[in-house]
Amino acid sequence: MMLHKNFIDGQWVAGSGETLNINPSDTRDVIGRYARADRAQAQEAVAAARAAFASWRSAGIQQRHDILDHIGTEILARREDLGRLLSREEGKTLPEGIGEATRAGMIFKFFAGEVLRLDGERLPSVRPGVEVEVSREPLGVVAVISPWNFPIAIPAWKIAPALACGNCVVFKPAALVPGSAWALAEIIAHSGLPAGVFNLVMGSGAEVGETLVDSTQVDALTFTGSNTVGRALAPRLVGRGARVQLEMGGKNPLVVLDDADLEVAVHCAIQGAYYSTGQRCTASSRLIVTAGIHDRFVERLVEKMQALRVDHALKEGSDIGPVVDQAQLDQDLDYLRIGREEGARLVCGGDLVERETPGYYLSPALFTETSNAMRINREEIFGPIAAVIRVQDYEEALAVANDTEFGLTSGIVTTSLKHASDFKRRAQAGLVMVNLPTAGVDYHVPFGGRKGSSFGPREQGGYAREFFTIVKTAYTAS
Ligand SMILES: NC(=O)c1ccc[n+]([C@@H]2O[C@H](COP(=O)([O-])OP(=O)(O)OC[C@H]3O[C@@H](n4cnc5c(N)ncnc54)[C@H](O)[C@@H]3O)[C@@H](O)[C@H]2O)c1
Ligand SMILES: O=CCCC(=O)C(=O)O
């Protein structure tokens with residue numbers, strides 16, 4: 001089996017060890033061998049990025065555009081294969097895997113366009129005979145640290161804007177999903193980028209991640225992952241004057257009001273809570289339902305849940321793939337136990353499921369009779385588990401929805417324009433969804449949360465430049 005190497009300063013290099021990645025739908029299936037970088041290699045990657053910065057920052061915008069556009073074209077041309085690899089490695093179903101690969105391609109295309117739209121301002125000065133220009137400059141070396149659950153789209157929405165704005169990149173993917181990261185890196189490596197502008201270092205958070213975080217040659221870190229890790233890293237970057245952007249967990253509410261269309265409500269709950277095995281930062285884990293529709297909603301939801309097929313991610317007809325690995329499965333099972341101990345009623349799912357292939361299969365689970373104070377409603381589970389919280393009216397629903405330390409996405413299902421408009425104004429979240437699942441976002445508009453979910457400027461869309469550039473104000477005597 002070929003060893004997939006790290007990419008440093010334009011060269012493919014072996015690491016100090018190697019990692020095997022395993023298919024969570026079939027644990028007998030070893031996907032590949034991946035080089036594991038150590039501290040020294042992470043430092044070499046940073047040094048290469050630093051050395052490449054001077055010329056990349058002044059590369060013409062046509063060259064930058066063409067390279068990003070080429071990467072996007074290549075990803076789109078290979079989306080079926082990339083999607084298959086992603087699904088085999090992460091466990092989301094094949095349509096979801098191909099969808100994510102497609103999204104990554106579109107992101108590179110979008111940021112190719114952004115290269116041409118990076119604008120500045122020319123303003124009159126308050127002093128006669130003086131002109132003012134406001135321009136944007138790249139930051140330097142950007143470290144990209146990403147999680148396992150969107151192994152190609154999240155790296156894409158960090159790497160593409162970083163390069164578009166003229167930065168050099170050192171990319172450290174999550175250790176569970178080196179395959180998708182390596183495939184993306186291989187496309188980037190063949191795109192015509194000068195050596196050192198983009199570097200891939202696969203390895204552990206404790207070794208490679210920590211090295212990037214503490215390197216004084218790294219000017220910015222864009223991180224997506226858990227709150228525990230993100231919050232611990234941020235002060236170290238801020239402390240040495242580096243920029244940091246964190247996208248972290250969620251405990252996203254979906255409010256269902258009495259006047260909701262029942263089928264829309266159930267569709268949003270199924271999609272938001274269980275697709276991608278519930279392993280999305282945007283997943284709906286708290287279903288906040290008013291009393292008048294509560295019983296009908298639960299009954300119909302359980303009916304639909306029972307029809308979901310949990311099976312091998314690559315099998316046609318699978319709605320939900322496996323949990324990503326044993327550690328995440330243990331966490332899910334722990335929360336199922338905690339929910340029961342807290343007095344919640346498990347009305348559906350939560351069973352380990354046996355299929356033709358040995359994998360981490362868990363049937364989608366629903367708790368009812370829960371309160372917002374329970375741990376299952378306060379802590380991110382990150383699996384196919386949701387809990388219903390019964391409330392009396394809209395005001396109570398809104399208060400419960402906002403009563404969380406997180407604030408990534410918040411959804412409502414209603415036919416009332418008044419409540420929908422009010423919810424859009426008062427939901428304490430970075431993303432608000434009306435009659436749509438809480439998960440599933442566009443690639444050309446800002447993405448990010450509030451409160452404990454995020455820190456720093458938004459990712460994606462034109463807003464991405466706020467993080468990846470620094471503003472300069474120049475005064476000229478005319
Ligand atoms: N808000 C968002 O946009 C978003 C998107 C996807 C996932 N997430 C969150 O990600 C989490 C799941 O992903 P995960 O388990 O990979 O998260 P994680 O925090 O364990 O790891 C994320 C990344 O950080 C690295 N890392 C770990 N320890 C490190 C350290 N000490 N120093 C530097 N790097 C370190 C990991 O190797 C990995 O690459 C969930 O909490 C989920 O909500 C958030
Ligand atoms: O897991 C975080 C990203 C979620 C996302 O991109 C989506 O819901 O579409």
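The largest share of the shell around ligand 1, three residues, comes from helix α7. Helices and strands here are DSSP runs, H or I of at least four residues and E of at least two, numbered from the N terminus. This is a predicted model, where local features need pLDDT of at least 70 and side-chain atom pairs pLDDT 80 or more, while totals for chains, interfaces and linings use all residues. Residues are numbered from 1 along each chain as its sequence is written, chains are lettered from A and ligands numbered from 1 in the order written, and side-chain values use heavy atoms, without hydrogens and water.

Now the shell as a whole. It holds 26 residues, and the closest are S146, E210, S226, M248 and E380; a residue is near if one of its heavy atoms lies within 4 Å. At least two residues each come from α7 (205-214), β11 (220-224) and α8 (227-239).

Next, individual atoms. An oxygen atom of ligand 1 is 2.6 Å from a polar side-chain atom of S226. An oxygen atom of the ligand is also 2.7 Å from a polar backbone atom of S146. At M248, a polar backbone atom is 2.6 Å from a nitrogen atom of ligand 1. On its own, ligand 1 has 850 Å² of accessible area, and the protein covers 86% of that, by the Shrake-Rupley method with a 1.4 Å probe.

Definitions and conventions
A polar contact is a pair of N or O atoms within 3.5 Å; within protein, one must be able to donate a hydrogen and the other to accept it, and residues adjacent in sequence count only if both atoms are side-chain atoms.
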